[in-house]
Amino acid sequence: MNRNDHIKNIFVVGFDERHGADLLQIPDACSFNFLPLLRSEEIVYQQKYDIEEMLDKARGILRNFDGSIDGMVCHWDFPATSITAILCQEFNLPCPSLEAILKCSHKYWSRTEQRQAAPENTPDFCAFDPFDDDALSKVTLDYPFWIKPVKGYGSLLGFRINDAGDFHRAIGIVRERIHRLGDPFNTILAKAQLPEAIAGINGNYLIAEELLHGLEIAPEGSIQHGQYRVHGMIDMVRDHNHKSFLRYEYPSKAPKQIQQRAIDVAGRVLQHIGFDNGCFNMEFFWDKDSDKLQIIEINPRISQSHSYQFEKVDGISNHEIAVHVAVGDEAHFVEGKGPYKHAAKFLLRHYTQNDAVATRVPTKKDLSRLLNEQPDTDVILKLKKGERLSSLIDQDAYSYVLAEVHVAAQTTHEMLENYHRAVELLPFEFEPVDEEASA
């Protein structure tokens, strides 16, 4: 770096030590000073989200900072992406507008924009109020269909509905839990300019959607000063229940022409909604039999679930893209320069809807043994010994994630073998919870 070059101060919304270490691995990390704005334990996976308190704390940090504020990056979904957009607008930093962020992350608003830009790639959908006692009559789709909140992540409160019984059971759960994200999302919606047709669909509404299936792929990229780029395509592989994600694999094995179609559709939709100076990943289903390519959802950020894969296959993580887009200059991303040909983030799940206590979880000795066998396999445990499955926050309706297991290899077959061996070395045991005794 030239001695006259300015070291740029980058504030990180949702900072944690793990992603902080990733940021320091980008090629020109010495050009940046990475500073926590709100730490991950303050902004994600909260039982209660106080949006105004988060914003006030962040504003205080920024106003009291004795130096230039050159950019802001975000590592998480709700509410970090929206909070980042609000702060960037206030402090005149490059970022998509709050309205553009919401056109991605408000599921109903996003579908209406998708239908305008790419109607052939948008599944049938409708919105309804789960607190309406006659809600089922407002759903315009035939069975089976999928329901989910207009604001959610990680399949939270998402249910496959096969009949009226499924619907009413799901609605009972939704009514108990939806306010946790819905109410703070309404606080954010109040700060945006909403079309009249969207203003009535608040954060505690659900969206029903046509049931999709096929190969699931996700282009990830950025738009900067109006220039659209994609830096990778991820395969999102679901487990045997066809509902829960098993792994995020890179590079994609989808046919090249299908990948290009997804890239083209993503660009058309994002430019239609006015998304600029930000990163994204957009999820699609491709049905091989019908050749239909349909949008699942848009995430207005890079995915931290893809960072390991890019690093191991391309030799550089997607944080390189996020940082340079945040400061308004060009990222340096070259494909295929990493030590491996394939990499994936696996989600080691326990399939049950019943609560249980972990009587055994992997120890440091277990993890060391795995590390000795597979030096580049990375494990993040989600559960401690003695904890209940129900203590795990933001799980899907069908399983619990016990660990994230990041694996890289030269072939897909070898990668899968490494994962299965890793699972053998990661012992979990459970005892059922006596609900009556604990009541």
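There are 13 aromatic pairs, where rings of Phe, Tyr and Trp (its six-membered ring) pair if their centres lie within 6.5 Å. One of these pairs joins tyrosine 49 and phenylalanine 78, with 5.4 Å from centre to centre and 65 degrees between the planes, which makes the pair edge-to-face. Planes under 30 degrees apart count as stacked, over 60 as edge-to-face and the rest as tilted.

This pair links distant parts of the chain, 29 residues apart. Tyrosine 49 is in the loop between helix H2 (40-43) and helix H3 (51-63), and phenylalanine 78 is in the loop between strand E3 (71-74) and helix H4 (80-90). Helices (H or I, at least four residues) and strands (E, at least two) are DSSP runs, numbered from the N terminus. Tyrosine 49 is buried, at 6% relative accessibility, and phenylalanine 78 is buried too, at 3%. Buried means under 20% relative accessible area, exposed over 50%, and partly exposed in between (1.4 Å probe, protein chains only). Ring pairs also bring in Phe185, so that Tyr49, Phe78 and Phe185 form a cluster.

The model is predicted: local features need pLDDT of at least 70 and side-chain atom pairs count only at pLDDT 80 or more, while totals for chains, interfaces and linings use all residues. Residues are numbered from 1 along each chain as its sequence is written, and side-chain values use heavy atoms, with hydrogens and water left out.

The structure holds 0 disulfides, a disulfide being a pair of cysteine sulfur atoms within 2.5 Å. For cysteine 74, the closest cysteine sulfur is in cysteine 95, 8.4 Å away, so a bond is ruled out by distance. Cysteine 74 is buried, with a relative accessible area of 12%, whereas cysteine 30 is exposed, at 53%.
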